[in-house]
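Subject: Structure handover

Hi,

Here is the structure I promised to pass on. Have a look at it first, and then read on for what I found.

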Amino acid sequence: FSKKIKEIPDAPILDVRTQEEFESGHLKGAKNIDWNADDFDSKISVFDKNQAVFVYCLSGGRSSSAAEKMRSIGFKQVYEMEGGIMKWRNQNLELEVAAGNSEKTGMTSEQFTTLVTSSIPVLVDFYADWCVPCKKMKPYLDELTREYAGKVKVLRINADENPTLCKSLQIDALPVLLLYKNNTQVWKNIGFIDKTSV
């Protein structure tokens with residue numbers, strides 16, 4: 001994605017996250033058009049459908065939907081960033097921050113280690129508020145929290161608010177579940193998983 005942007009320098013780069021996400025760190029020259037906003041269709045209609053367009057979000061879900069929509073209305077060349085900003089950060093590629101803002105950092109690795117250091121197993125759920133699979137998993141994770149209280153600790157971590165931690169743990173997709181026993185990670189799941197499989 002980074003290489004292709006340099007090959008087609010005049011192509012628009014669309015960040016389809018929320019304005020708040022955009023302001024905390026985005027690709028240089030990117031325009032913010034929120035995929036979930038009511039005016040997405042009208043805002044993309046100003047772009048030339050015959051011109052290449054680059055699209056990205058946090059982990060790839062929203063940009064995939066946006067790219068599919070754009071192709072369905074006639075855009076000929078839509079390039080999606082696989083893994084989104086999460087993968088971009090993990091590759092140490094450059095981001096711009098809106099004036100007056102600073103890039104979010106969130107929880108440190110040391111703070112995370114303290115949270116997973118426990119005499120009982122710790123199930124960590126990396127999620128985001130906009131993530132549809134994350135939303136589907138939340139009710140049964142809440143149920144597990146109640147059902148196994150005192151036997152398993154369930155820890156939910158918002159990836160949008162903790163980019164530094166996600167980078168250090170190489171979390172570049174959502175949702176991600178990690179299970180820790182005796183302070184050691186013993187299991188990992190990337191993507192949606194139903195309650196019976198956890």
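A word on terms before the sheet: two strands pair if DSSP finds at least two bridges between them. Helices (H or I, at least four residues) and strands (E, at least two) are DSSP runs, numbered from the N terminus. Please keep in mind that this is a predicted model, in which local features need pLDDT of at least 70 and side-chain atom pairs count only at pLDDT 80 or more, while totals for chains, interfaces and linings use all residues. Residues are numbered from 1 along each chain as its sequence is written, and side-chain values use heavy atoms, with hydrogens and water left out.

**The sheet**

Four strands make up an open sheet with mixed pairing, in the order β6-β5-β7-β8. The edges are taken by β6 (153-158) and β8 (184-190); each has a single partner strand, so one side of each is left without a neighbour in the sheet. From one strand to the next the twist averages 20°, where axes are lines fitted to C-alpha atoms (for helices over the stretch in contact) and angles run from 0 to 180 degrees between N-to-C directions.

Strands β5 (residues 122-127) and β7 (residues 176-181) run antiparallel and are joined by five bridges. Two of the bridge partners in β7 are Y180, which goes with V122, and L177, which goes with D125. Helix α6 (residues 109-116) packs on the sheet and touches β5, β6 and β7, its direction making about 140° with that of β5. Contact here means heavy atoms within 4.5 Å.

On to β7 and β8, which pair in the antiparallel sense over six bridges. L178 has K188 as its bridge partner in β8. Five of the six residues of β7 are buried, so this strand is largely enclosed by the rest of the structure. For burial I used these cut-offs: buried is under 20% relative accessible area, exposed is over 50%, and partly exposed is in between (1.4 Å probe, protein chains only).

D125 is worth a click. This residue sits in strand β5 and is buried, with a relative accessible area of 2%. Leaving aside residues up to four places away in sequence, D125 touches L141, L155, R156, I157, P175, V176 and L177.

**Helix α4**

Helix α4 (residues 61-72) has 12 residues and reaches 17 Å from its first C-alpha to its last, close to the 16 Å expected at 1.5 Å a residue; the expected span is 1.5 Å times one less than the number of residues. Which residues of α4 are buried? They are R62, S63, A66, A67 and M70. These cover an arc of only 130° around the axis, which puts them on the same side of α4; the arc is that of the directions from the helix axis to the C-beta atoms. The exposed residues E68 and S72 are on the face turned away from that buried side. As for partners, the buried residues of α4 pack against β1 (13-15), α2 (19-23), α3 (40-44), β3 (53-56) and β4 (78-80). After α4 comes G74, with a positive phi near 110°.

**Backbone points to check**

Most residues other than glycine have a negative phi, and most peptide bonds are trans. Against that background, here are some spots to look at. The peptide bond from L174 to P175 is cis, with omega near -10°, and P175 lies in the loop between α8 (163-168) and β7. N92, in the loop between α5 (84-90) and α6, has a positive phi of about 60° although it is not a glycine. At 58% relative accessibility, N92 counts as exposed.

The hairpin of β7 and β8 has two residues between the strands, and N182 takes a positive phi near 50° there. N183, found in the loop between β7 and β8, has a positive phi near 65°. With a relative accessible area of 43%, N183 is partly exposed.

**Overall numbers**

The protein has eight helices and eight strands, and its C-alpha trace spans about 60 × 30 × 30 Å along its principal axes. Of its 198 residues, 42% count as buried. Among contacts with a separation of 6 or more, 71% come from residues 24 or more positions apart.

Best wishes
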